Amino acid sequence: MTDPTVPADTRTRIVEVAARFLREEGPGAVTTRGVAQAAGVQAPAIYRLFGDKDGLLEAVAEHVMSSFVAAKASTVAAAAEADLDPVEELGDGWRRQIEFGLENPALFALLSDPRRVAGSPAARLGVEVLAARVRRVAAAGRLAVPEVRAVGLIQAGGVGVVTTILATPPAERDPGLADAVFEGVLAQILTDAPAAARSGHVAAAVAFRAVAPDLEQLSGAERRLLREWLDRIISEPPAR
């Protein structure tokens, strides 16, 4: 929502103040009166820009998440440029995501609401960044399942870990839980080595599927047909 009567830097200041309140004191501290006073504006400006407190919280979530995802996207691009090990880089991304969720519990709660996630450009970009990481693993011949399943398993595992840890009293938390869950996810999605004998055909198909959209030697129709064939190989187990 925009309002030509309110300067852009004022909107940014309001969001940053609200983000600080959310981070330091939780959603209850994000009141229109308190945020307006701290940001040096009148409360009506917040209503004109965000509609209500819920709209302000959504703007805060989008602002913080956008900054975090932009940093992740840069990291993925740098990893690809440096040809870093894609599995290790996937693990680094997992750890940073878990840390972000645990350090921002109120924001994590907002972004765990499917209704908010569905309409969040930052959340969609976050999934795209994760998909890019998974695609690098696939292109290296290390992925044993379809990319979309790998992305879903990693997302589900990450949300579950953060939710469980935050719901556990600090003194009772298992410090190895996040690593154990990630190892379990990797066991589900990875081959032991590129084109491992037992799942070699599937791993090879997944790897080829990762680069198929970039085969400019083929026409668009040919690339679509190739992806259809590869998807069939990946999704349908071989006949016994």
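Let me begin with a definition: two residues are in contact when heavy atoms of theirs lie within 4.5 Å. With that in hand, V30 touches A18, F21, L22, V35, K53, L56 and L57, leaving out residues up to four places away in sequence.

What we have here is a predicted model, in which local features need pLDDT of at least 70 and side-chain atom pairs count only at pLDDT 80 or more, while totals for chains, interfaces and linings use all residues. Residues are numbered from 1 along each chain as its sequence is written, and side-chain values use heavy atoms, with hydrogens and water left out.

V30 also belongs to the largest nonpolar core, which has 33 residues, and V30 is listed with I14, L22, V35, F50 and L56 as having the most contacts inside that core. By such a core I mean a set of buried Ala, Val, Leu, Ile, Met, Phe, Trp, Tyr and Cys residues joined through side-chain atoms within 4.5 Å, where buried means under 20% relative accessible area, exposed over 50%, and partly exposed in between, with a 1.4 Å probe and protein chains only. Helix α4 gives the most to this core, with nine residues; helices here are DSSP runs of H or I, at least four residues, numbered from the N terminus. A second, separate core of 31 residues includes V87, A131, A150 and A178.

Let me stay with α4.

Within α4 we find E62, which is buried yet has no salt bridge, the nearest side chain of opposite charge being R124, 6.8 Å away. A salt bridge here requires a side-chain nitrogen of Lys or Arg within 4 Å of a carboxyl oxygen of Asp or Glu; for charge, Lys and Arg count as positive and Asp and Glu as negative, with His and the chain ends not counted.

How many salt bridges does a search of the whole structure find? The search finds three. In one of them, E89 pairs with R133, the closest N and O atoms being 3.0 Å apart, and because E89 lies in helix α5 and R133 in helix α8, the pair ties together parts that are 44 residues apart in sequence. Both E89 and R133 are buried. Another joins R95 to D92, with closest N and O atoms 2.7 Å apart.

Methods
Helix = DSSP H or I, 4+ residues; strand = E, 2+ residues; numbered from the N terminus.
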